[in-house]
Amino acid sequence: MKRIVHFIALLLCSLGLIPAQAAEPVRIGFSIAKTGLFAQAAPSQITAYELWANQVNAAGGLDVAGDRRPVELVWFDDESDPAKSAQIYEKLISDEKVDLLLAPWGTPHHLNVAGVVERHGFPMVGNTAASVAVREVQPGNIWFSTSAIPDRIGPELAALAKQSGVKSVAIIANVLPFAQENLQFLVPALEAEGIEIALNESYPPDISDMTGLLSQIKAAGVDGIIALSYPADSFLYMGQAREVGIDVSFEFLLVGPTISAFSQAFGDFADGIVTIGHWSPHQSKWSRAKPFFDAYVAAYEMNPDYLDTALAYMSCEILEQAVATAGLDRDKLRTAIASSTFDTINGEVSFEGVENAVTPTAFLQLQGGDMHLIWPEDIATASFSPR
Amino acid sequence: MIEILISPQLAFSALVLGSLYSLIALGLNLVYGTMRLLNIAHGDLIMIGAYTTFWIFTLTGIPPFVGLPLAAGIAAAIGAILYFSIFRRQLSGIDRVERIEANSLLLFFGVSVILQNTVGMMFSGSPRAYQFLDTVYEVSGLMMTGNRLAILIFAAIVLTSVVIFLTRSQYGLSISALIQNQTAARVVGINVSRLQFVSFISGFALAGIAGALVSMTEQISPFMGFPFTIAAFVVIILGGLGNIKGGIIAGMLLGFVEIYVVVLTSANFRSMLIYGLFVGILLLRPEGLLGKTRRH
Amino acid sequence: MTSAFSLLKTRFVWFLFAGLLLIAQVPSILGSYWTLIALNLMMWVAITQSWTLFSGMTGYISLGHVVFYGVGAYVVASTFNTIPLWLAVPMGGIAAALLALVVSVPVLRVRGPYFVILTFGLAELVKFSILNLETVSGKSSRLLFGTPSIEILLYCMIGLVVLATLTTLFVTCSRFGRGLTVIREDEVAAATVGVPVLRYKIIAYTISAIVPGMAGGLMALKSTYFEVLQVFNPIISFTVVTMAIIGGSGDVRGPFLGAVFLVLLSELFWTTAPQFYMILVGLFLILFVIFAPNGIAAFLDKLQISRKSG
């Protein structure tokens, strides 16, 4: 099939119908959850990849150590199964013989793929994985762009709460890994800041009503609520907290508020919600941030996910800039990613071991329909405003 | 603690949750009761209803109450297609009841996979949501979000009318007779296959209605249906398979158990409790808490 | 037992061993990606074969076989680096069998659709219980580094396929197996002709848990990351039933045919049209249930008969 396409392309070139492109496309592979449980999370990532690829191609192609070559995305459905994702990267590397790799979605997928890229010595810039477990991964072929690592979120969140005048909090946490890891580091951090934990409850991922939990929180009379939630339960929380009449100055939701549908569902009522996230188009220090936001909105008619889409796009930028200096040679590329500093929509990024060493752990707040960075101060685009 | 337990807030939530459980179980029960078909695609029809309402509201601004009949209609139409293409053949066969039950599980699993992925292909997996009727009303200390109140009211209307229909009207009584005893119903001259068709598409329409209601408060996605299917099965097992009134009571019961047990123990035990209850009932009283003892 | 040994002479068994030998060559000929596919294929055959041993023979359709797979995987993942793997994987199988034995007495009293839903609910109950256990002990996810290579896992999995297939073959030809078939036809009649119904069902159920337990343990080693929800995914139960139906659930060849069919179909389509592939799986399941309820195996027999007579 590919040969036929090439043949036709050649034919058309020789007829002068399309401009001759001397260069072979650079093939970039990744897996995505097109079906299954995570299918609803995947669009936030694949749109970033597509946007980036289109932009690169429109600008004349990817700069491969001086040569301009078009990019071609090669992706397969992992059916939301992390084991299948590993299988796909195996296929991409050994069967499809792709030139570069982009990351799959989510922590389990990243950590499963880590073994594959390690075995093949194929460098990959990760994005949407956040777990203390990433530090157990042998450094060398995978890097994690996020700064939302639970052992850093805990102390920072406690500090933000303290600064926002919170004296006592209620914590509710999903039992799934990311939430539980956060819980583990958050509790001691809050205690260290002298914030009282009036209530600390975990709940299963398929919870269908929170009225009981929220009534208990209300009765506890706290001034801050930290919900270590996943998207579905973030939605549930929002709808029912209002009904129960939760009225606290500080409300934090872990995952969910950065999704475009969240603002659509709750409008003004979502105003003041705090969440994790280290990117915002409003930070003018990052010259690439606003143009990316505008291009995204123009292409997809919705806001990007401030966390996942931004991270996915960052990982493309890092790869692009590394390839510009190192080309496609895996050893050179590995060195380039590990040792260079990159200019991304999230400002400068460089890696130490497997971690992003520059981007601080930060928090966003929904203010007047916009997502603003409110912590830490040196990148903040607005200050915390109580709900 | 006592104050929370006796607060009307908790009772309201239990009513909303319970009425939703009753409603989603009703359609499933109707299809099982009249035909012994186990519809594990039931949740996916809820999803179809939710998408229909979402698109009507988002594209035209027509409120979900008006979109609701269309959601029911589309679900019923899917039901009609499935009935004529697949299930009529199954039902008219001379197979034993047990075989129909087992086969129907597999057939509906196929239907479920097809529905999920067709919707996924058409609208992508992105979660969707809209804002509708989300003002909070206060009545002497009880706070109610408009859309949750609407779920309660609509579910109550649908449940009552279905029960009245089944117990008062001639047609409904025939369906009840069919549920009680198929052979006897045939003997007394009831047109069984016609009634089965009506029950089949009604069950689907009820799922569509439930979906329209759910879409007002939850985010929707192509794969949202499965938890609803599970909940519906838990309810109809509690109430006794094919026992319509038992299912409605069991749905309300489950809503109350879920809400109050979370407060009394810990939210962490919620799912263990639901499935524990489910398994326990099946082991101790497989005909359901409210079911009559019946042997095939 | 003599009839069981005579079965070893049948063409199927030789086909089978030739096929398995061929699959064992995949790593050296086709490379790492196809080795993974082969491993998956063998896993599905092994689990589906054990499923038919119980559900195919007795007619009790289990929609919760993933619970044994998950328990085996959990045993291996939670003892990783403390217990040697040659011990941990069989322990996974034993743990699964123990679970089956413990729950079997009450569970197997339930019949028909109740049994189907019960097995499903039981699997979910165990899933959420283990999830809770992990939360309480502060272990939300586990990383497994330094697991055996995929080739070694593949050879072990082929071993499981042989084990499961031979068990099914011997059971089919034994008094025990004939007893199970009688139970499927009519349980009450079986009891009156002296078949120890409950004991036979319990034994079959327990045996059918061993191989999925070990398969789960092996598959846990394939991934570097272990998460409870992943190994207790109900889709695994559904897939096993689908494969058994498509292949033919009353036949020792069924699991091979069903698994090969779906794995090949998946290889053909998921790369280009993943959702379309899932739709096709749904369609095939429906078509087989309606038109070929005894699966590809019965279809092949029919083909052979018509060729002989024609």
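Q: Which residues in helix 7 of chain A meet helix 11 of chain B?

A: Two residues are in contact if their C-beta atoms, placed from the backbone, lie within 7 Å, and helices (H or I, at least four residues) and strands (E, at least two) are DSSP runs numbered from the N terminus. In this predicted model, where local features need pLDDT of at least 70, side-chain atom pairs count only at pLDDT 80 or more, and totals for chains, interfaces and linings use all residues, Thr211(A), Gly212(A), Leu213(A), Ser215(A) and Gln216(A) meet Ile259(B), Val262(B) and Val263(B). Residues are numbered from 1 along each chain as its sequence is written, while chains are lettered from A and ligands numbered from 1 in the order in which they are written.

Q: How many residues does each chain give to the contact of chain B with chain C, and which helix of chain B gives the most?

A: Chain B supplies 33 residues and chain C supplies 30 residues, and on the side of chain B that touches chain C, helix 5 (97-123) of chain B gives the most, with 16 residues.

Q: What is the parallel pairing around strand 1 of chain A?

A: Two strands pair if DSSP finds at least two bridges between them. Strand 1 (residues 26-32) of chain A pairs in the parallel sense with strand 4 (residues 71-77) of chain A over 7 bridges, and also in the parallel sense with strand 5 (residues 100-101) of chain A over 2 bridges. Gly29(A) has Val74(A) as its bridge partner in strand 4 of chain A, and Gly29(A) stands opposite Leu101(A) in strand 5 of chain A.

Q: Why is strand 1 of chain A described as largely enclosed?

A: A residue is buried if 20 or more other C-beta atoms, placed from the backbone, lie within 10 Å of its own. Because 6 of the 7 residues of strand 1 of chain A are buried, this strand is largely enclosed by the rest of the structure.

Q: Where does the hairpin of strand 17 and strand 18 of chain A have a positive phi?

A: The positive phi, about 55 degrees, belongs to Gly368(A) in the turn, with 2 residues between the strands. Strand 17 (residues 363-367) and strand 18 of chain A pair in the antiparallel sense over 5 bridges, with Leu366(A) opposite Met371(A).

Q: Which element of chain C has the lowest mean pLDDT?

A: The pLDDT is the predictor's confidence in each residue, from 0 to 100, and where it is low, the predicted coordinates should not be read in detail. Among the elements of chain C, helix 1 (residues 2-7) of chain C has the lowest mean pLDDT, 52.

Note on methods. Buried ≥ 20, exposed ≤ 12 C-beta atoms within 10 Å, placed from the backbone.
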